[in-house]
Amino acid sequence: MFSLTAPSDALLTEGLLTAKAVMERLSQSGQRVVTAESCTGGLVSALLVHHAGASDCVEGAFVTYSNQLKHSALDVRDETLARFGAVSAETVTEMAEGALRAAARATVAVSVSGIAGPGGGSDEKPVGLVWFGLAVNGKKTKAASQNFEGSRTEIRWQAALYALQLIAGYDE
């Protein structure tokens, strides 16, 4: 039987409120965002487009779960994936930059790639490790990682919330 695990009420509420604030900020400044998501599977963009008016500031989203799609859709280099893996600063940097190039009207791109679990982790890259990239037109792309705890659902939602917070502070 199929079972869907929902995020906690607190994570859902915080995600929706943060997305609303991000949208308002982007709209007021005339900015447009594109997302490139792996482990979050489109949650970042889903939170943004939940709100009316999303078309004013959301250009679109790429959900690139496989390495092949990261390469073909976002121009992540095969050598980057082979050398550093999908969960790395190098990969999320190329994901964000590729999304920004592909979405000509976008001015901000956020990328997410991580290990949501419950399996797939290692000593070097444990379950809960998530890398984020932030590309902004005319600025150097930034990469950052976070280590989240909890279930697969909680890790994915915490990662989506963190990505929204990165977008919110894109000009800092």
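This is a predicted model: local features need pLDDT of at least 70, side-chain atom pairs count only at pLDDT 80 or more; totals for chains, interfaces and linings use all residues.
Local features were considered at pLDDT of at least 70 and side-chain atom pairs only at pLDDT 80 or more, while totals for chains, interfaces and linings use all residues. Residues are numbered from 1 along each chain as its sequence is written, and side-chain values use heavy atoms, with hydrogens and water left out.

A pair of aromatic rings is described by the distance of the centres and the angle of the planes. Rings of Phe, Tyr and Trp (for Trp, the six-membered ring) were paired if their centres lie within 6.5 Å, with planes under 30 degrees apart counted as stacked, over 60 as edge-to-face and the rest as tilted. Searching the whole structure on these terms gives three aromatic pairs. One of them joins Phe-132 and Phe-148, whose planes stand at 90° with ring centres 6.3 Å apart, so the pair is edge-to-face. This pair links distant parts of the chain, 16 residues apart: Phe-132 belongs to strand β4 (residues 129–136), and Phe-148 to the loop between β5 (142–147) and α6 (152–168). Here helices (H or I, at least four residues) and strands (E, at least two) are DSSP runs, numbered from the N terminus.

Phe-148 also forms an edge-to-face pair with Tyr-162, at 6.4 Å centre to centre and 65° between the planes. Tyr-162 sits in helix α6, 14 residues from Phe-148. How buried are its members? Buried means under 20% relative accessible area, exposed over 50% and partly exposed in between (1.4 Å probe, protein chains only). Phe-132 counts as buried at 0%, as does Phe-148 at 11%, and Tyr-162 is buried at 18%.

On a 1 Å grid over the protein atoms alone, a cavity is a set of points where a 1.4 Å probe fits but cannot get out, and a pocket is an open set with protein on both sides within 12 Å along at least five of seven lines; lining residues have an atom within 4 Å of a point. The structure holds one cavity of 30 Å³ or more, and the volume of the largest cavity is about 30 Å³. Its lining consists of Leu-134, Val-136, Lys-139, Lys-140, Lys-142 and Tyr-170.

The largest pocket has a volume of about 160 Å³. Among its 14 lining residues, Cys-39, Tyr-65, Gly-114, Ile-115 and Ala-116 lie nearest the centre.

How values were computed
Grid points are joined across faces, edges and corners, and a volume is the space filled by probe spheres set on the points.
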